[in-house]
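Biologist: I am new to this structure and would like to learn how to read it. Could you take me through it step by step?

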Amino acid sequence: MTLETGRLVLRPFGPDDADAVYDACQDEDIQFYTPVPVPFTRQDAEKRVREEWPQGWARDDDYILGAFRKDTSALVGSYCLTRVSRGVYELGYWAVKEQRGRGYTVEAARALCD
């Protein structure tokens with residue numbers, strides 16, 4: 001599944017995204033406000049992009065997409081739709097510190113909710 005907005009491409013994370021996830025999750029705000037291990041290691045990033053996040057798609061209950069800028073391919077954030085009950089989903093996200101304040105989160109969230 002891939003979604004596109006005016007400025008973003010949202011797609012499932014792949015093994016090549018582990019470095020970007022690792023770098024983003026060094027941010028203290030992401031570590032404080034989201035359920036990532038502290039400290040967040042490179043192995044944690046690898047496990048997420050190679051095992052945990054694809055398993056959510058396979059179970060058909062946890063859809064985690066990376067949002068990437070079209071102009072630079074830089075990771076903007078992680079956006080997740082988690083099934084709470086039939087037809088009800090919760091939107092969760094974290095945004096890369098350097099990409100905050102540009103409206104990317106709203107853009108990604110609207111695309112997912114639409």
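Modeller: Gladly! Let us start with contact, which means heavy atoms within 4.5 Å. Ser78, for example, touches Phe13, Ile64, Leu65, Gly92, Tyr93 and Trp94, leaving aside residues up to four places away in sequence. This is a predicted model, where local features need pLDDT of at least 70, side-chain atom pairs count only at pLDDT 80 or more, and totals for chains, interfaces and linings use all residues. Residues are numbered from 1 along each chain as its sequence is written, and side-chain values use heavy atoms, with hydrogens and water left out.

Biologist: Where is Ser78 placed, and is Ser78 buried or exposed?

Modeller: Strands (E, at least two residues) and helices (H or I, at least four) are DSSP runs, numbered from the N terminus. Ser78 sits in strand β4. Buried means under 20% relative accessible area, exposed over 50%, and partly exposed in between (1.4 Å probe, protein chains only). Ser78 counts as buried because its relative accessibility is 5%.

Biologist: Which residues does Phe13 touch?

Modeller: Not counting residues up to four places away in sequence, Phe13 has contacts that include Val21, Val49, Trp53, Leu75 and Ser78.

Biologist: How should I read a nonpolar core?

Modeller: In soluble globular proteins, nonpolar side chains tend to be buried together. A nonpolar core is a set of buried Ala, Val, Leu, Ile, Met, Phe, Trp, Tyr and Cys residues joined through side-chain atoms within 4.5 Å. Here the largest one has 18 residues, and Phe13, Val21, Cys25, Phe40, Leu75 and Trp94 touch the most other members. Helix α1 (18-24) gives the most to this core, with four residues. A second, separate core has 13 residues, among them Leu3, Val76, Tyr104 and Leu112.

Biologist: And what about pockets?

Modeller: On a 1 Å grid over the protein atoms alone, a pocket is an open set of points where a 1.4 Å probe fits, with protein on both sides within 12 Å along at least five of seven lines; lining residues have an atom within 4 Å of a point. A volume is the space filled by probe spheres set on the points, which are joined across faces, edges and corners. The largest pocket holds about 330 Å³. Its lining has 16 residues, with Thr34, Pro35, Trp53, Ile64 and Trp94 closest to the centre.

Biologist: Which strand gives the most to the lining of the largest pocket?

Modeller: That is β5, with five residues. The second largest pocket has a volume of about 170 Å³, and its 15 lining residues include Tyr93, Trp94 and Arg100.
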